[in-house]
Amino acid sequence: MRLMGILNVTPDSFSDGGLPDPVGRGLRLLDEGADCVDVGGESTRPGADPVDPEEERRRVLPVIAALRAARPMATLSVDTRRASVAAAAIEAGADLVNDVSGGADPDMFRVCAGRPMVLMHMRAEPRTMADHTDYRDVVAEVWEALDARAAVATAAGVGPLWLDPGIGFAKTPAQSLELLRRLPRRPRILVGASRKRFIGELTGQADPATRIEGSLAVALHCAARGVDLLRVHDVAATRRALQVWAALQG
Ligand code: HH2
């Protein structure tokens with residue numbers, strides 16, 4: 001399984017906001033075995049207000065450019081919902097776009113044509129998504145919605161695509177668990193569950209930074225389900241847990 005290391009260049013991300021040295025952290029994630037570093041300039045935690053695109057660009061572009069200069073061969077992604085930010089990030093050296101809105105910006109697929117992309121499922125906006133958790137069958141509806149977005153992206157020439165059920169995005173903790181329990185077996189699934197709230201609810205840990213063991217349990221579950229790409233904060237620990245798990249599989 002491949003790992004996408006999380007690098008938030010934000011003052012307010014739920015677990016790792018306000019990093020003093022984002023470039024140094026990005027380099028460390030690569031040294032720890034991340035296959036890709038995902039640079040984001042907007043917190044999308046439940047209830048978060050949107051960030052002005054100009055400010056988002058100001059946060060992510062220098063970090064992407066510095067990582068690209070230091071590691072010409074590394075794979076870098078930009079975590080953004082805005083086509084203007086995506087275009088500037090690609091110009092600065094990003095290889096792919098990770099879009100938590102699944103390509104809601106009407107210009108996004110044009111910007112991403114000819115490139116790999118991550119499409120994540122959510123409903124509404126981070127600020128309001130906690131009010132949109134009414135599903136008949138969360139697993140069926142999420143994957144149907146993702147397949148529909150993937151068809152539009154493919155028709156626009158975007159690909160290969162990684163599809164992500166959006167753990168915690170317009171999902172209750174119970175729905176996040178259900179999506180993980182019933183992950184489909186298909187190629188190119190990405191899961192981002194690292195340090196998220198459903199883990200804290202299970203273990204009674206309010207502080208996201210302490211939720212590492214629960215995050216590793218999810219990582220091993222995803223490995224057993226054949227998930228291709230895992231988006232994590234704790235790259236070194238996840239890599240070590242997966243090494244032992246892989247050896248146990250023979
Ligand atoms: N989760 C977050 C952000 N981006 N992208 C994908 N593809 N999948 C996810 O599950 C996902 C994501 C939220 O986590 P984080 O970046 O750690 O926090 P914040 O949004 O507060 O910056």
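This is a predicted model: local features need pLDDT of at least 70, side-chain atom pairs count only at pLDDT 80 or more; totals for chains, interfaces and linings use all residues.
Local features are reported at pLDDT of at least 70 and side-chain atom pairs only at pLDDT 80 or more, while totals for chains, interfaces and linings use all residues. Residues are numbered from 1 along each chain as its sequence is written, and side-chain values use heavy atoms, with hydrogens and water left out.

Helix H5 covers residues 138–155, 18 residues in total; helices (H or I, at least four residues) and strands (E, at least two) are DSSP runs, numbered from the N terminus. From first C-alpha to last, H5 reaches 26 Å, close to the 26 Å expected at 1.5 Å a residue, where the expected span is 1.5 Å times one less than the number of residues. At its start, a side-chain oxygen of Asp137 comes to within 3.2 Å of the backbone nitrogen of Val139.

Several residues of H5 are buried, among them Val138, Trp143, Leu146 and Ala153 (buried means under 20% relative accessible area, exposed over 50%, partly exposed in between; 1.4 Å probe, protein chains only). The cover over the buried residues of H5 includes helices H4 (108–112) and H6 (173–181), together with strands S5 (117–120) and S6 (161–164).

After H5 comes Gly157, with a positive phi near 90 degrees. Gly159 and Pro160 are joined by a cis peptide bond, with omega about 0 degrees; Pro160 sits in the loop between H5 and S6.

Ala124, in the loop between S5 and H5, has phi near 60 degrees and is partly exposed, at 42% relative accessible area. Ala170, in the loop between S6 and H6, has phi near 55 degrees and is buried, at 2%.

How values were computed: Contact means heavy atoms within 4.5 Å. A polar contact is a pair of N or O atoms within 3.5 Å; within protein, one must be able to donate a hydrogen and the other to accept it, and residues adjacent in sequence count only if both atoms are side-chain atoms.
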